[in-house]
Amino acid sequence: MTAPPPIAMLAELTHRCPLSCPYCSNPVELARLDQELDTETWARVFREAADLGVLQLHLSGGEPASRRDLTHLVRAARDAGLYTNLITSGIGLSQQRLAELDEAGLDHVQLSLQGTNPEMADEIGGYKGGFKRKMQVAEWIGAIGFPLTLNVVLHRRNLHQLPRALEMAVEMGARRIEVATVQFHGWALQNRDALMPTREQAKEAMATVAQARKDLKGTLVVDFVPADYHDDFPKRCMGGWGTSGLNVAPDGEVLPCHAAQSIPHMTFDNVREKPLKDIWYKSSSFNAYRGTEWMQEPCQSCDRKTVDFGGCRCQAMAIVGDASATDPVCIKSPHHAALQAQADAHSAKVDAPLTYRVGPVKAREPVT
C-alpha cells in the first residue's frame, strides 16, 4: 500500500505533568527528563513534518507547559508553516505566558476538564487547587481570543456531570467540546474497575450528546468518543493505522498511535536517527497494519474493513493478546461477548480505588 502523506502530528513534548490523572493515555513507563528531545531537534522535526505534508501540529504531553522552551517551540512550528494547537491542563500557564504564546503565533488551545466542580476535578487530577487555576486560565484564554476546545474525559465517576460540562463550554466561549469516554490504554487500563462506565451511563451519554448537538447547533460543535467496551462496532482508530497521523514521543520515537508502544513485538524508529519522511513511508511499524492485507478473519472478508480497518490494534493486543486480531469491540469478533461481560464486571466494582499516574520526575511548581 502506498500511504498518503499525514495530515496531523501529535508532538508529545514531555511526559512531565502536574496532574496525576488515573486515565492518562501515556505509557506506564514514562520518558525521563533527560530523554526529552531538545529545542533544536523539535524545530527540525517540525520542518520535516511540514515538508512531509503535515498541516496541523498538536503540542501535547504530559503537560507541554512543563517545557520552559514552549514559546520557542510554538514559534518554530509557526515558522515551519504549521497550524499549532496546544493541548493543556492549564496548570503552568500564566497570563503573561499565554500572551507570549499568542505573540509567537499559537493558533488554538485545547483545555482539559477533569470535572465540573473543584471536588471532582481535583480528586481526578490529583492536584489540589487545579480546578480553580483552570478556570482562571480559561478566562485568560478568552481575553486573548484564542479559539478554544474544551476536552472532557468521561468515566463512571463523572459521567453525570456531562450536562454541566456542555454548559461550561458555552459559558467559556469554546467553539468545540470533545466529549471523550475514557479509552482503556496506558494508566486507564490499570483503572478499569474504578473508571468503567455502566451500560446505562453509556446510553445516557449518547442521548445527551445527540440532544446537545441539536440544541447547540451553530453555537458549539460537539465531538463524541463513545464508550468502547459497550459498543457493537469499533472506531476507525487514527483514521486507519499509518494513514493520516503520527505521534512523536518525548524521546523521539515515532508512533502510529499514542498507545502503540503497548504492542510488545513492535520496534519504533527515532527522529534522532532517521528523517521523519523515511519513518512514515518505510518503517516496519507504520507498514505493519496499513491497508487490509494483514487482516485475519472475520475482518478480511468483512464489508466494514475499509470503514473501521479492524478497529484498534492496541485494544486487540490488550484484550486478546494479538494485535492482528479483530478488535473485540466488534460484534463479529469471537471475543465480543466476553468483552461485554468483562465491561459489566468492571463497572459493578463501585468501591474500586484509583491508581494515580506517577510522573517521570518529582512534581514541580507551575512555570511562570
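Reply: Buried means under 20% relative accessible area, exposed means over 50%, and partly exposed lies in between (1.4 Å probe, protein chains only). This is a predicted model, in which local features need pLDDT of at least 70 and side-chain atom pairs count only at pLDDT 80 or more, while totals for chains, interfaces and linings use all residues. Residues are numbered from 1 along each chain as its sequence is written, and side-chain values use heavy atoms, with hydrogens and water left out.

Me: Is D228 buried or exposed?

Reply: D228 counts as buried, at 8% relative accessibility. Its salt-bridge partner is K235, with the closest N and O atoms 2.3 Å apart. K235 itself is partly exposed, at 23% relative accessible area.

Me: How many salt bridges does the structure hold?

Reply: There are 17, where a salt bridge is a side-chain nitrogen of Lys or Arg within 4 Å of a carboxyl oxygen of Asp or Glu. One of them joins D308 and R304, with the closest N and O atoms at 3.2 Å; D308 is buried at 6% relative accessibility, and R304 is partly exposed at 23%.

Me: What about R164 and E167?

Reply: Their side chains form a salt bridge, 3.2 Å from N to O. The two residues are three apart in helix 6, about one helical turn. R164 is partly exposed at 32% relative accessible area, and E167 is partly exposed at 44%. Helices (H or I, at least four residues) and strands (E, at least two) are DSSP runs, numbered from the N terminus.

Me: Which residues of helix 6 are buried?

Reply: In this helix, residues 162-171, the buried positions are L162, A165, L166, M168 and A169. Viewed down the axis of helix 6, they fall within an arc of 160 degrees, so they line one face; the arc is that of the directions from the helix axis to the C-beta atoms.

Me: And what do they pack against?

Reply: Their partners include strand 4 (108-113), helix 5 (130-144) and helix 9 (199-215). After helix 6 comes G173, with a positive phi near 80 degrees.

Me: Changing topic: where is T88?

Reply: T88 lies in strand 3, residues 83-88, and is buried at 3% relative accessible area. Its side chain reaches the backbone nitrogen of G90 at 2.8 Å.

Me: Which residues does T88 touch?

Reply: Leaving aside residues up to four places away in sequence, T88 touches E63, L93, V109, Q110, L111 and S112, contact meaning heavy atoms within 4.5 Å.

Technical notes:
Polar contact = N/O pair within 3.5 Å; in protein donor to acceptor, adjacent residues only side chain to side chain.
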